[in-house]
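User: I am new to this structure and would like to learn how to read its features. Please show it and take me through them.

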Amino acid sequence: MRNKLSNAICATLLMASFSTAAQSKDVLTFLRDVVSPETGIGAREAGTEQEQQTADYVKAQFTRMGLDVEVHDFKHPILKEKDKFLLSRNIIAEKKGKSEKVLVLGAHFDSTGSKRGSHGAMDNGAGLSVLLAVAEQLSKLDSLPYTVRFVAFGAEEIGKVGSRQYLTMLNDKPGEIERLKGMINLDTVAGGDKLYVHSAHTTPYKCGGDNSRYSSETWMRQAVLSASQKTLGMEQAHQIHPPFPGYPEGVTGEWSDHEPFACYGVPIAYIETTNFAINGKHGFDGYSQSTDPGLWDCFDKENVTACDREKEKKWGMIWHSGSDQLELLMGLFGDRVTDQLNANVKVLVSFFSEPDKFIKQ
Ligand SMILES: [Zn+2]
């Protein structure tokens with residue numbers, strides 16, 4: 001009886017620990033769940049059933065982690081189709097901290113280029129899976145200094161619709177924008193040769209005609225950089241990109257979900273992987289993500305550009321192309337994709353756990 005009872009207790013305890021372990025997911029599992037057409041969702045263009053499925057998946061994951069979840073539905077006019085709208089949504093989860101002030105971690109979950117064969121694996125399955133993995137780890141902590149808000153944006157690829165709608169909604173509620181201390185945007189955070197972190201451009205974005213509140217402050221970028229250097233070491237850490245025409249050192253354009261935040265005066269940091277040392281289609285602008293010959297028709301190693309600039313079609317790009325498939329990239333890069341995903345998770349968990357150690361305002 002005694003034995004039987006203790007066996008029963010052991011079995012129960014074992015089951016409990018097993019089920020907790022089974023429920024918890026790592027970054028690569030999140031990524032596969034979202035981007036694999038065979039075992040997950042695959043391409044997720046804005047307004048499609050697959051985008052909706054991804055939103056449901058993200059919501060279910062946040063709920064499982066025990067976070068407070070909100071769904072923000074919106075519609076957007078379909079170009080060239082009068083009176084027709086596509087439906088999309090943002091999924092927002094929060095982990096309350098000691099301070100009411102909010103640090104936002106954001107990533108879009110839609111994809112583009114499915115006609116060219118893109119599964120949206122790196123753009124932006126990678127960003128979304130890092131967001132979920134960071135949320136998973138932070139959800140287990142007893143307390144955090146600042147409230148951390150995880151926002152998965154819909155419909156980024158058709159004009160940052162989700163993030164713009166989100167900021168418009170916050171702006172309608174008194175005091176909500178002021179609560180935002182800073183924002184980190186994750187877009188294409190794996191795949192490219194190098195890990196970078198950017199700040200908003202020193203020349204204000206257009207901001208729909210009103211950029212009077214625009215912030216180009218760099219301290220969020222510097223804080224992420226400093227957390228990265230501390231966590232990964234100088235060799236492996238995120239980098240600041242060198243200057244290129246129209247873009248001073250370390251600043252980025254308005255092409256992702258950080259834009260509306262900067263427009264409403266929220267300091268941002270934007271993590272992406274690419275390679276600014278490649279002489280790409282339009283020069284050294286970070287659009288060519290990798291020197292890997294598999295991503296070029298022909299790559300000239302010595303001059304770090306296409307063998308024939310007239311004939312090159314692929315230009316080392318992953319985003320929006322048929323190369324944005326997980327298994328294909330893992331075949332080209334080996335462990336690199338997983339290493340970059342894990343590096344981002346590690347840095348961000350360390351940053352959100354002790355932000356004031358890294359923030360120098
Ligand atoms: Zn993207």
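User: Is His108 buried or exposed?

Analyst: Buried means under 20% relative accessible area, exposed over 50%, and partly exposed in between, with a 1.4 Å probe and protein chains only. His108 has a relative accessible area of 0%, so His108 is buried. Asp123 is buried as well, at 4%. This is a predicted model, where local features need pLDDT of at least 70, side-chain atom pairs count only at pLDDT 80 or more, and totals for chains, interfaces and linings use all residues. Residues are numbered from 1 along each chain as its sequence is written, and side-chain values use heavy atoms, with hydrogens and water left out.

User: Which residues coordinate the zinc ion?

Analyst: Donors are N, O and S atoms within 2.8 Å of the metal (3.2 Å for Na, K and Ca); water is not among the atoms, so sites may look incomplete. Here the zinc ion is coordinated by His108 through NE2, by Asp123 through OD, and by Asp187 through two OD entries, at 2.0 to 2.6 Å. Along the chain, the donors follow the spacing H-x14-D-x63-D.

User: How are rings described as a pair?

Analyst: A pair of aromatic rings is described by the distance of the centres and the angle of the planes. Rings of Phe, Tyr and Trp (its six-membered ring) pair if their centres lie within 6.5 Å; planes under 30 degrees apart count as stacked, over 60 as edge-to-face and the rest as tilted. The structure holds 14 aromatic pairs. The centres of Phe244 and Tyr247 are 4.7 Å apart and their planes are at 15 degrees, so this pair is stacked. Phe244 is buried at 11%, whereas Tyr247 is partly exposed at 21%.
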